[in-house]
Amino acid sequence: MYYEKIREFFKEKGLKQREVAEIMGYSETMIGRYFKGINKVDAVFITLLVEKFPDIDLQYIFTENKGNDLDILNEPTEAYERTTILTDIGEIETKLNRIKEKLIQKGLDK
């Protein structure tokens with residue numbers, strides 16, 4: 001499962017749960033919940049993960065080990081290259097900033 005791979009990534013870096021929590025800006029308890037798979041990671045966590053640890057391979061993390069080279073959505077992994085994910089996040093951020101600007105212009109930013 002992906003949470004085991006995330007936990008292993010930090011273990012290989014020699015980072016303890018407490019240290020990961022400090023770097024990521026999360027509580028140690030929450031990081032523990034992510035590492036054990038109790039809580040699913042969200043887009044904010046993944047974005048921070050890539051920002052703080054650019055060497056992480058998201059394709060590997062979110063690819064199931066079934067020997068069939070399919071990701072957790074049962075689609076070919078080539079569709080989920082790291083640059084694509086980061087580009088999508090950038091596009092979303094740009095669109096959200098445009099919406100925020102329009103709301104400010106109309107006085108609806110409260």
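User: What percentage of the 110 residues in the chain is buried?

Analyst: This is a predicted model, and the count runs over the 110 residues of the chain. A residue counts as buried under 20% relative accessible area. By that cut-off, the buried share is 24%.

User: How many helices and how many strands does the chain have?

Analyst: Read along the sequence, the pattern is α-α-α-α-α-α. The chain therefore has zero strands under the DSSP assignment. The helix count is six.

User: Which element has the lowest mean pLDDT, and which the highest?

Analyst: The chain averages a pLDDT of 80, and 77% of the residues score at least 70. Among the elements, the lowest mean is 75, in α6. The highest mean is 94, and it belongs to α2.

User: Over residues 67-75, how many contacts does the model have beyond near neighbours in sequence?

Analyst: The chain average pLDDT is 80. Over residues 67-75 the pLDDT is below 50. Beyond near neighbours in sequence, the number of contacts for this stretch is 17.

User: Is Val-20 buried or exposed?

Analyst: Val-20 is found in helix α2. Its relative accessibility is 0%. The cut-off for buried is under 20%, so Val-20 at 0% counts as buried.

User: Which residues does Val-20 touch, not counting those up to four places away in sequence?

Analyst: Ile-31 is 11 residues along the chain from Val-20, with 7.4 Å between the C-alpha atoms. Ile-31 is one of the residues that Val-20 touches.

User: Where does Leu-15 lie, and which residues is Leu-15 in contact with beyond four places in sequence?

Analyst: Leu-15 sits in the loop between α1 (2-12) and α2 (17-24). Its relative accessible area is 23%, which means partly exposed, since buried would need under 20%. Leaving aside neighbours within four places, its contacts are Phe-10, Val-20, Ile-23 and Phe-53.

User: Why does Thr-63 count as buried?

Analyst: Thr-63 is placed in the loop between α5 (58-61) and α6 (82-106). Buried requires a relative accessible area under 20%. Thr-63 counts as buried because its relative accessibility is 15%.

User: Which residue has the backbone oxygen that the side chain of Thr-63 reaches?

Analyst: The side chain of Thr-63 comes to 2.3 Å from a backbone oxygen. A polar contact needs N or O atoms within 3.5 Å. The backbone oxygen belongs to Gln-59.

User: Which side chain meets Asp-55 in a salt bridge?

Analyst: Side chains of opposite charge can pair when their charged atoms come close. The structure holds two salt bridges. In the one with Asp-55, N to O is 2.9 Å. The partner is Lys-13.

User: How many residues apart are Asp-55 and Lys-13?

Analyst: Asp-55 lies in the loop between α4 (43-52) and α5, and Lys-13 in the loop between α1 and α2. Asp-55 is partly exposed at 48%, and Lys-13 is partly exposed at 37%. The pair links distant parts of the chain, with a separation of 42 residues.

User: Which helix holds both Arg-18 and Glu-22?

Analyst: The side chains of Arg-18 and Glu-22 meet in a salt bridge, at 3.7 Å from N to O. Arg-18 is partly exposed at 40%, whereas Glu-22 is exposed at 58%. The two residues are four apart, about one turn of the helix, and that helix is α2.

User: Which residues form the nonpolar patch on the surface?

Analyst: One member, Ile-92, lies in helix α6. Together the patch residues have about 480 Å² of accessible area. The members are Ile-92, Leu-96, Ile-99, Leu-103 and Leu-108.

How values were computed. Residues are numbered from 1 along each chain as its sequence is written. Side-chain values use heavy atoms; hydrogens and water are left out. Buried means under 20% relative accessible area, exposed over 50%, partly exposed in between (1.4 Å probe, protein chains only). Contact means heavy atoms within 4.5 Å. A polar contact is a pair of N or O atoms within 3.5 Å; within protein, one must be able to donate a hydrogen and the other to accept it, and residues adjacent in sequence count only if both atoms are side-chain atoms. Patches are made of residues with over 30% relative accessible area and no salt bridge: like charges are joined within 9 Å, nonpolar side chains (Val, Leu, Ile, Met, Phe, Trp, Tyr) within 5 Å. Accessible areas come from the Shrake-Rupley method with a 1.4 Å probe; for residues, only the protein chains shown count as cover. A salt bridge is a side-chain nitrogen of Lys or Arg within 4 Å of a carboxyl oxygen of Asp or Glu. pLDDT is the predictor's confidence in each residue, from 0 to 100.
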